[in-house]
Amino acid sequence: MVTVMKETIPGFGSKLNGAGHATLFNNDKHNIGANAFISKNMPNIPNVTNINTVGGGLDYTYNPTSTVNFSAGFKKFDSPLVSSGWQPNFGLTFGRSF
């Protein structure tokens with residue numbers, strides 16, 4: 001699945017987002033997916049710089065009667081004044097249905 005969205009923010013400028021997700025493996029209990037995203041802010045205010053954010057990662061979900069979702073990846077942001085470099089990004093979620 002791929003999504004693209006452009007948003008106009010009054011008094012600021014525009015924001016452009018793009019994201020994609022692909023299922024790499026799926027059966028009754030296990031799901032592995034890959035994702036990527038990009039976000040670009042385009043301010044129309046003088047002396048405010050563009051900020052770009054990009055990243056991606058993998059998701060794993062295990063679901064017999066409970067759901068365990070683990071995600072890991074990297075993201076970074078860039079602007080003309082500063083750059084974060086690639087930073088790790090992790091998440092863990094547990095859910096149970098009754």
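How many bridges join strand β3 (residues 30–43) to strand β4 (residues 51–62), and in which sense do these strands run?

Modeller: Twelve bridges join β3 to β4, and the two strands run antiparallel. Strands here are DSSP runs of E with at least two residues, helices are runs of H or I with at least four, and both are numbered from the N terminus; two strands pair if DSSP finds at least two bridges between them. The model is a predicted one, in which local features need pLDDT of at least 70 and side-chain atom pairs count only at pLDDT 80 or more, while totals for chains, interfaces and linings use all residues. Residues are numbered from 1 along each chain as its sequence is written, and side-chain values use heavy atoms, with hydrogens and water left out.

Asparagine 63 is found in the loop that lies between β4 and β5. It counts as partly exposed, because its relative accessibility is 36% (buried means under 20% relative accessible area, exposed over 50%, and partly exposed in between, with a 1.4 Å probe and protein chains only). Although 17 residues separate asparagine 63 from proline 80 along the chain, their C-alpha atoms are 44 Å apart. Serine 66, by contrast, has its place in strand β5 and is buried, because its relative accessible area is 11%. Between the C-alpha atoms of serine 66 and threonine 3 there are 29 Å in space, and the two residues are 63 apart in sequence.

Strand β1 (residues 2–9) lies largely in the open, because zero of its eight residues are buried. Eight bridges pair β1 with strand β2 (residues 13–26) in the antiparallel sense, and threonine 8 has serine 14 of β2 as its bridge partner. The hairpin of β1 and β2 has three residues between the strands, and glycine 11 takes a positive phi near 80 degrees there. Further along, leucine 24 belongs to strand β2 and counts as exposed, because its relative accessibility is 55%.

These strands may finally be placed in the whole chain. The chain has six strands and zero helices, and its elements run β-β-β-β-β-β from the N terminus on. It is more spread out than a compact globule, because its radius of gyration of 17 Å is well over the 13 Å that the globule rule gives for 98 residues (this radius is taken over C-alpha atoms, and the rule is 2.2 Å times the number of residues to the power 0.38). Along the principal axes, the C-alpha atoms fill a box of roughly 55 × 25 × 25 Å. Of the 98 residues, 12% count as buried.
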